[in-house]
Each structure stands twice: as structure tokens, then as C-alpha cells.
Amino acid sequence: MPIPVDHTRPVRVSAKESAHLQLQQWIIDGTLQPGEKLVDTELAEALNLSRTPIREALQLLEVQGFIEMFPGKATRVTDIHIEDIKHLLPPLAVLQALAGELAIPNLTPEIFGLLEETNRKFARAIRSSDSFSALKIDEEFHQIIVDAAGNPYIDSILGQLQSHVRRQFFHHSLVLTMRSHDEHIEIIETLKAGDGDKISHLMKSNWVRTIEELTASKGI
């Protein structure tokens, strides 16, 4: 089980949270491959932690669907199926739409400026064919709106869904396009206008269109 040693560790988090965040990232980006066996002693050594937080992190990852634990046998990374994208994106689209509606009263010129700058970065990443950065920046764009909504339950559920979507994008080389950038512009203008019904529609359609494009391109 090859484990990187040159990783950066999150700061100001517990040992369990640190282990969870790092292991989840390795599973998402493919450092730990689907089907790969995980050994808690090796992970503890790699992360310079005791086995207790590693075991706690593994238990959380199992609940989230990233690993499978077979008591007395093995712990392994779950398989990934591109068909799951059709199950992940619809609930994500609905929650993003709700976040857009809830965010409207809390938006400020500073937040709009941040949205616009983030979307410019998104465009640059797409034009340079940097799919990894484009995906991260797209998440940042939508997270700004989710943060403005101020609902911790939406934030928590979306975080879990996003992590699985991110894994799909990494493993199946899924690519975002400039059409997403253009839709972001319309989303910003609609937020400025304070149109709750329209922003709900736009936020939802932004993700639904992505489903349609991905399923068509991958034949699923």
C-alpha cells in the first residue's frame, strides 16, 4: 500500500479529523485506489498518529461510503461506479438551489466581488485545460453561496455529496466547460436582482445540465 510521506497536514483539528481529512483526500484523488486494502498500523505510521484516531477515521469513512470494513478480515477502499453520478447530482442540485434562495438576504457587495473573482479564476482554469483546478474553483464558487445561506445542515450534507462527486471527477476524468462559467455569470446577476424563484431554477439547472452532459459523453 503506497502511502505518500510528503503530504501537508490540516492545522487546528483533532487527530481524528486530521486522519479523516487526509485519508478521504487520498481516496478521492486516487492515491488510495478502489479495492486497495488499508492497514491501520501503516496509516498510523504514515500520518504520525496513534492507531486510535486512525481507527476512528476509518469508521467515519465507512459511514460515508468511502471504505468497507470486514471485521477480522480486511478494510478496503470502496469501488467507484460512474453510474452513481446520476444519483449524486440530483440531490446536490436541489440543495444548491435552496442555498441560493436562502443566501439572497445575506449577500453583500464583498460577496458579489468574491463570486465574480472566483468565476474569473474558473474561466482561466478551463481555458488552460486545468481540470483539477477548475473543479476545485467551481466548488469554491458554489460554497460562497452556501456559506451565505447560513444553514449548517445544508452545508454538512452538501459537503458529503461534494466529496463523492469530486471522486467521480477524479477517477473518470470528467471535465467542466465554459458553459458552466457562463451560467455562473447569470447566477450572480440573478442573485443581485434578488429573484428567489429564478435563482432556484438556475442553480438546479446548472447541475442537471452537468448530469446530462456527463451521461451523454460517457454513455451511461
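**Ground rules.** I am working with a predicted model, where local features need pLDDT of at least 70 and side-chain atom pairs count only at pLDDT 80 or more, while totals for chains, interfaces and linings use all residues. Residues are numbered from 1 along each chain as its sequence is written, and side-chain values use heavy atoms, with hydrogens and water left out.

**Entry 1: the largest pocket.** On a 1 Å grid over the protein atoms alone, a pocket is an open set of points with protein on both sides within 12 Å along at least five of seven lines, a cavity is a set where a 1.4 Å probe fits but cannot get out, and lining residues have an atom within 4 Å of a point. Grid points are joined across faces, edges and corners, and a volume is the space filled by probe spheres set on the points.

The largest pocket holds about 460 Å³ of space. I found 23 residues in its lining, with Gln 24, Glu 139, Gly 159, Ser 163 and Arg 166 nearest the centre. Helices H1 (15-29), H6 (131-149) and H7 (152-172) are the elements that give two or more residues to this lining. Helices here are DSSP runs of H or I with at least four residues, strands are runs of E with at least two, and both are numbered from the N terminus. Which helix gives the most to the lining? H7 does, with 7 residues.

I also sorted the lining by class: 5 nonpolar, 14 polar and 4 charged residues. In this scheme Ala, Val, Leu, Ile, Met, Phe, Trp, Tyr, Cys and Pro are nonpolar, Asp, Glu, Lys and Arg are charged, and the others, Gly among them, are polar.

**Entry 2: Ser 163.** I followed up one of the residues nearest the pocket centre. Ser 163 lies in H7 and is buried, with a relative accessible area of 3%. Buried means under 20%, exposed over 50% and partly exposed in between, using a 1.4 Å probe and protein chains only. Leaving out residues up to four places away in sequence, Ser 163 touches Gln 24, Ile 28 and Phe 66; contact means heavy atoms within 4.5 Å. Ser 163 and Ile 28 are 135 residues apart in sequence, yet their C-alpha atoms are 7.2 Å apart.

Entry 3: Helix H3 (51-63), strand S1 (67-70) and strand S2 (74-77) each supply at least two lining residues, and the classes come to 7 nonpolar, 2 polar and 3 charged. S1 and S2 pair in the antiparallel sense over 4 bridges; two strands pair if DSSP finds at least two bridges between them. Glu 68 has Arg 76 of S2 as its bridge partner. The hairpin has 3 residues between the strands, and there Gly 72 takes a positive phi near 80°. Gly 72 is also among the lining residues of this pocket.

**Entry 4: helix H2.** Which residues of H2 (40-47) are buried? I got Asp 40, Leu 43, Ala 44, Ala 46 and Leu 47. H1 and H3 are among what covers them.

**Entry 5: two positive phi values.** Most residues other than glycine have a negative phi. Asn 48 follows H2 with a positive phi near 55°; this residue sits in the loop between H2 and H3 and is exposed at 65%. Ser 129 has a positive phi near 60°, lies in the loop between H5 (109-127) and H6, and is exposed at 62%.

Entry 6: My search of the whole structure gave 2 cavities of 30 Å³ or more. About 80 Å³ lies in the largest cavity, and H6, H7, H8 (178-193) and H9 (196-218) each supply at least two of its lining residues. Gln 162 and Trp 207 are among those residues. Both are also touched by Gln 96, which is in helix H4 (85-103) and is buried at 2%.
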